[in-house]
Amino acid sequence: MKKNYRIAVLPGDGIGPEIMQEAVKVLQLVGEREGVTFTCEEGRIGGIAIDTDGTPLPEATVKLAKQADAVLLGAVGGPKWDQNPGHLRPETGLLGIRKELGLFANIRPATMHSSLVEASTLKPEVVSGVDLIVVRELTGGIYFGEKKRYDGPNGEVAEDQCIYTEAEVERIIRVGFEIARKRQKRLVSVDKANVLESSRLWRKVAERVAADYPDVELSHQLVDSCAMQLVRAPKQFDVIVTENMFGDILSDQAAMLTGSIGMLASASLAAGSFGLYEPVHGSAPDIAGKGIANPLATILSVAMMLRLSLGMDEAAAAVENAVWSVLEAGHRTGDIAADPSKAIGTVAMGQLVRDELSKQWQPK
Ligand SMILES: NC(=O)C1=CN([C@@H]2O[C@H](COP(=O)(O)OP(=O)(O)OC[C@H]3O[C@@H](n4cnc5c(N)ncnc54)[C@H](O)[C@@H]3O)[C@@H](O)[C@H]2O)C=CC1
Ligand SMILES: CC(C)CC(=O)C(=O)O
Ligand SMILES: [Mg+2]
């Protein structure tokens with residue numbers, strides 16, 4: 001284990017800076033306890049970068065991220081930039097950094113913690129015990145295809161191209177199999193092969209790669225049916241592997257199985273151990289600046305970073321245990337509170353996690 005890690009911190013827009021502040025404080029506490037220095041260097045991305053640098057992804061941010069051991073990202077976007085042309089939208093910065101860093105594998109675990117069963121809008125018997133992972137392809141598909149707008153005989157025309165190569169599909173399918181192999185060995189590949197050519201290629205590649213993983217049971221689901229099954233009987237899922245847009249949509253849906261999108265962490269991984277860690281949710285403009293956002297998705301993303309990029313498994317587990325302990329003690333931000341009048345704010349939740357971490361952790 002190294003003694004000094006460089007972490008690029010990209011808070012972004014809306015609630016991004018609020019939740020990131022709490023996550024970085026947790027990381028610094030981990031550093032103190034483990035005798036490791038985390039040098040956190042901030043960069044701009046998204047709307048804030050458009051306002052300051054005239055682009056959603058400044059060169060300096062890409063450089064900072066490439067020189068770091070790992071990246072932490074808050075969220076980007078907001079109504080202020082919603083009418084901007086595509087190249088000047090905050091989300092273009094996020095897609096850009098994913099592409100620049102080769103972050104092709106987005107790992108989004110959705111685990112229902114027992115103390116949050118009542119926070120879900122679904123019946124307790126449906127959601128209790130849910131433990132699934134969405135493996136989402138992150139640098140291909142329709143989000144990255146050529147986009148066009150032009151005038152046609154029937155008015156304006158818009159095009160978004162969806163392209164997948166065999167190699168792109170194979171590497172993400174392999175990630176799905178590798179993860180499933182270490183879990184319940186059940187992989188559901190989600191596509192729309194009854195309609196889309198890219199999905200037919202996806203399915204063919206999944207079938208071919210399956211031969212290398214005879215210990216894992218592969219099945220296929222069409223994305224519309226999968227969306228239905230996720231709310232009907234979510235416990236049937238172990239690992240879901242799917243393309244970029246389907247994974248984006250299904251992971252927000254999976255978030256609600258666990259109580260709130262404010263709980264869902266994610267890792268966006270390149271080949272090797274480099275990764276960018278980000279909550280699944282967005283910049284939540286409706287609650288930005290109010291100090292009420294749930295910082296736990298970002299704090300749990302720090303735990304994923306410790307485990308997957310920095311090899312600090314024990315520290316990762318300690319952070320996760322601290323989060324679960326705080327929830328078991330009944331503390332809730334508004335998004336997961338049964339009684340909103342008792343909800344606590346972003347800073348208070350971050351402090352409780354750090355207090356719990358300090359309590360649990362035996363100094364080395
Ligand atoms: N990774 C990213 O940076 C993402 C950015 N976005 C951007 O974020 C902006 C808002 O998008 P929305 O569709 O509203 O999605 P959103 O995820 O920001 O918010 C959806 C709902 O969930 C709530 N929510 C989200 N995170 C929360 C948290 N940590 N604590 C408590 N409540 C939380 C919000 O208040 C809102 O009611 C848009 O500009 C969108 O493009 C959306 C998704 C991901
Ligand atoms: C810019 C969007 C693709 C962000 C998003 O919704 C996500 O990554 O989940
Ligand atoms: Mg999304």
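Hi everyone. One definition before we start: I call a residue near a molecule if its C-beta atom, placed from the backbone, lies within 6 Å of that molecule. With that in hand, let me show you around this structure, which is a predicted model.

Let's begin with ligand 1. There are 22 residues around ligand 1, and those that come nearest are G77, G262, H281, G282 and N294. What does the shell look like by class? Around ligand 1 we find eleven nonpolar, seven polar and four charged residues.

Now ligand 2. Its surroundings are made by E91, L94, L95, Y143, D248 and V280. Which helix gives the most to this shell? That is helix α4, residues 90-100, with three residues. Sorted by class, the shell around ligand 2 holds four nonpolar and two charged residues, and no polar ones.

Next, the sheet. Ten strands make up an open sheet with mixed pairing, and if you want to trace it on your screen, the order is β2-β1-β3-β12-β11-β4-β5-β10-β8-β9. At the edges sit β2 and β9, the latter covering residues 217-222, and each of these pairs on one side only. Going from one strand to the next, the twist averages 25°.

Let me take a few of those strands in turn, starting with β1, residues 4-12. Seven of the nine residues in β1 are buried, so the strand is largely enclosed by the rest of the structure. What does β1 pair with? One partner is strand β2, residues 37-42, which runs parallel to β1 and is joined to it by six bridges. If you'd like a landmark there, look for I7, whose bridge partner in β2 is C40. Another partner is strand β3, residues 70-75, again in the parallel sense, this time over five bridges. The landmark here is A8, which stands opposite V71 in β3.

Strand β4 runs antiparallel to strand β11, residues 267-269, and three bridges join the two. Among those pairs, N106 has S268 as its bridge partner in β11.

Now to strand β10, residues 239-242. Are its faces covered or open? Both are covered: V239 and V241 on one side, and I240 and T242 on the other, are all buried. Strand β10 pairs with strand β5, residues 131-137, in the parallel sense over four bridges, and V135 finds its bridge partner in V241.

A word on the backbone. Most residues other than glycine have a negative phi. Two residues here are worth a look with that in mind. K185 is not a glycine, yet its phi is positive, at about 60°. You'll find K185 in the loop between α6, residues 166-181, and β8. A284 is not a glycine either, and its phi is positive too, at about 40°. A284 sits in the loop between β12, residues 275-277, and α10, residues 296-308.

Are these two buried or exposed? K185 is partly exposed, with 15 other C-beta atoms within 10 Å. A284 is buried, with 24 other C-beta atoms within 10 Å; the cut-off for buried is 20 or more.

My last stop is M312, in the loop between α10 and α11, residues 313-328. M312 has 22 other C-beta atoms within 10 Å, so it counts as buried. What does M312 touch, leaving aside its neighbours within four places in sequence? Its contacts are M1, E34, L306 and R307. Take M1 from that list: M1 and M312 are 311 residues apart along the chain, and their C-alpha atoms are separated by 7.8 Å.

Note on methods: Residues numbered from 1 in each chain as written. Chains lettered and ligands numbered in written order. Predicted model: local features only at pLDDT ≥ 70, side-chain atom pairs only at ≥ 80, totals over all residues. Buried ≥ 20, exposed ≤ 12 C-beta atoms within 10 Å, placed from the backbone. Pairing = 2+ DSSP bridges. Nonpolar A, V, L, I, M, F, W, Y, C, P; charged D, E, K, R; others polar. Axes fitted to C-alpha atoms, helices over the stretch in contact; angles between N-to-C directions. Contact = placed C-beta atoms within 7 Å.
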